[in-house]
Amino acid sequence: MASLSATSLSFKAPSIQSTRISQVLRKPSSFQSISFGGFQSSKSLRLQISCAAKPETVQKVSDIVKEQLALSADTALTAESKFSALGADSLDTVEIVMALEEKFNISVEESDAQNITTIQEAADLIEDLVQKKPAA
Amino acid sequence: MRISVMSQMQRSFSIDLPSLIPLQLPSHEVKSTSLLKRYSQLLSPIEKDGVDQMRGDELKKNALLARTLVRTTISRYQTNKEVDPRSLMFKKNVYGKPEVDWQNCNNQPLHFNISHTDSLIACGVTVHVPVGIDVEDKERKIKHDVLAFAKRFYSADEVNVLATILDPEVQRKEFIKLWTLKEAYVKALGKGFSAAPFNTFTIQSMPGTEGAYNLCKTSEVTADPPEETKKCNGGWKFALFDLADSHYAAVCTEDDQANEGAPTKIIVRKTIPFVEDQLISERIFL
């Protein structure tokens, strides 16, 4: 019988969706390893893993990006939108990060700041940092 | 080193007008569709994908012009033989910095780096030493308070220099100059931004010179009380100058060990590939 103890299952943001594993692996510092206790099939695993940043976070990031890059309000942005494809250079990226810090009251490491390339990555990092903050 | 500059401007512009007139570079630029088509034929499939990924026609054109400038510029500096710009291959170093993939010809001494803004693209080429280049529109507005931005990202010494500037316009311009210099260094280093966070090094102007700068690295000597040591030795050379009256350009090259401390000659050319090429300046930087 499958046994799954709570201690053997660990995960946290950023997302572990399999389609984005390659993205996570590119940044070893943020890679989280997931280990499961023995279990037989995913059908018996009644556990929903949802690790993508909340849609509201993605929306807030999109709004800030649009403002920094002076994009028109009806520019269609998705979570996968790349800053560089929208015309952002490194100075824009840093300004976006500063605006996100102000909006979400977080503090981003310099090395993380310059390495954010998509809206999704920004949203994931934000949620990670917000979660790490000590409870009010 | 040589810098080729491609401005987004009409053909007729550059030749007759004296350089003192501050010009508005119109956003109507290299318009000719046949010319743009010729450019796109130079690109590799991967580069064409990169161009297609850009959102909007202006950004697509900008990306096309950037790759065109890189290919045509590098191929010009091959002295042994005629090099077809189409034949050049590129790769990235382990940190993601673009480099020429010389394939079977080893130890090619040519290095390059590129930077672009909405209206100007610059490509720098050097022999034997790594190079980094960054250009920025002089009028670029910073959305945040300049000093707050600097305190967040620049070194303490740089913040002190900026804090003494009372005129906000002058302060903003100095901020941008520093940004281009710091970017140029990180790009020349080629190890990604994590290798040289902006607040771990200071770039200061060399007194008595125009456009020459020095690099000082701050490192913490763990002691009680903790001390910071500053090393301002050579190793990297900087030059900052105007391009087309509208942009600042910062160039950083590694100090060639064979000629350590020797002056650097920088040649600037303005070019529209296949159309025109104009010598803008030749300067010696100490």
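This is a predicted model: local features need pLDDT of at least 70, side-chain atom pairs count only at pLDDT 80 or more; totals for chains, interfaces and linings use all residues.
Q: Let's start with chain A. How many helices and strands does it have?
A: Chain A has five helices and zero strands. Along the sequence the pattern reads α-α-α-α-α.

Q: How much of chain A is buried?
A: Of the 136 residues in chain A, 43% are buried.

Q: And what share of its contacts comes from residues 24 or more positions apart?
A: That share is 67%, counting contacts in chain A with a separation of 6 or more.

Q: What area is buried between the two chains?
A: About 2,100 Å² is buried between chain B and chain A. Carbon and sulfur atoms give 53% of that area.

Q: Which three residues of chain B supply more than any other three?
A: They are B:Arg55, B:His144 and B:Arg152. Together they supply 29% of the area that chain B buries against chain A.

Q: Why quote an area for an interface at all?
A: Interface size is often given as the accessible area lost when the parts come together.

Q: How many salt bridges cross the interface?
A: Three salt bridges are found between chain B and chain A. One of them joins the side chains of B:Arg152 and A:Glu101, at 2.4 Å from N to O.

Q: How many residue pairs are in polar contact there?
A: The count is 12 residue pairs between chain B and chain A, with both residues at pLDDT 80 or more.

Q: Switching to strands in chain B. Is β4(B) enclosed or open, and why?
A: Strand β4(B), residues 110–116, is largely enclosed by the rest of the structure, because five of its seven residues are buried.

Q: How many bridges join β4(B) to β5(B)?
A: Seven bridges join β4(B) to β5(B), residues 120–127, and the two strands run antiparallel. A hairpin links them through three residues.

Q: Which residue of β5(B) is the bridge partner of B:His111?
A: B:His111 has B:Thr126 as its bridge partner.

Q: What about β12(B) and β13(B)?
A: They also run antiparallel. Nine bridges join β12(B), residues 264–272, to β13(B), residues 276–285. One bridge pair is B:Val268 with B:Ser281 of β13(B).

Q: Which residue in that hairpin takes a positive phi?
A: B:Phe274 does, with phi near 75 degrees. This hairpin has three residues between the strands.

Q: Where does B:Thr271 lie, and is it buried or exposed?
A: B:Thr271 lies in strand β12 of chain B. B:Thr271 is buried, with a relative accessible area of 6%. Its side chain makes a polar contact of 3.3 Å with the side chain of B:Asp277.

Q: Last one. Where is B:Asn160 found?
A: B:Asn160 is in helix α6 of chain B, residues 156–163. B:Asn160 is partly exposed, with a relative accessible area of 48%.

Q: How far is its C-alpha from that of B:Gln103?
A: The C-alpha atoms of B:Asn160 and B:Gln103 are separated by 48 Å. Along the chain the two are 57 residues apart.

How values were computed: Residues are numbered from 1 along each chain as its sequence is written. Chains are lettered from A and ligands numbered from 1 in the order in which they are written. Side-chain values use heavy atoms; hydrogens and water are left out. Buried area is the accessible area (1.4 Å probe) that two parts lose on being put together, summed over both. A salt bridge is a side-chain nitrogen of Lys or Arg within 4 Å of a carboxyl oxygen of Asp or Glu. A polar contact is a pair of N or O atoms within 3.5 Å; within protein, one must be able to donate a hydrogen and the other to accept it, and residues adjacent in sequence count only if both atoms are side-chain atoms. Buried means under 20% relative accessible area, exposed over 50%, partly exposed in between (1.4 Å probe, protein chains only). Helices (H or I, at least four residues) and strands (E, at least two) are DSSP runs, numbered from the N terminus. Two strands pair if DSSP finds at least two bridges between them. Contact means heavy atoms within 4.5 Å.
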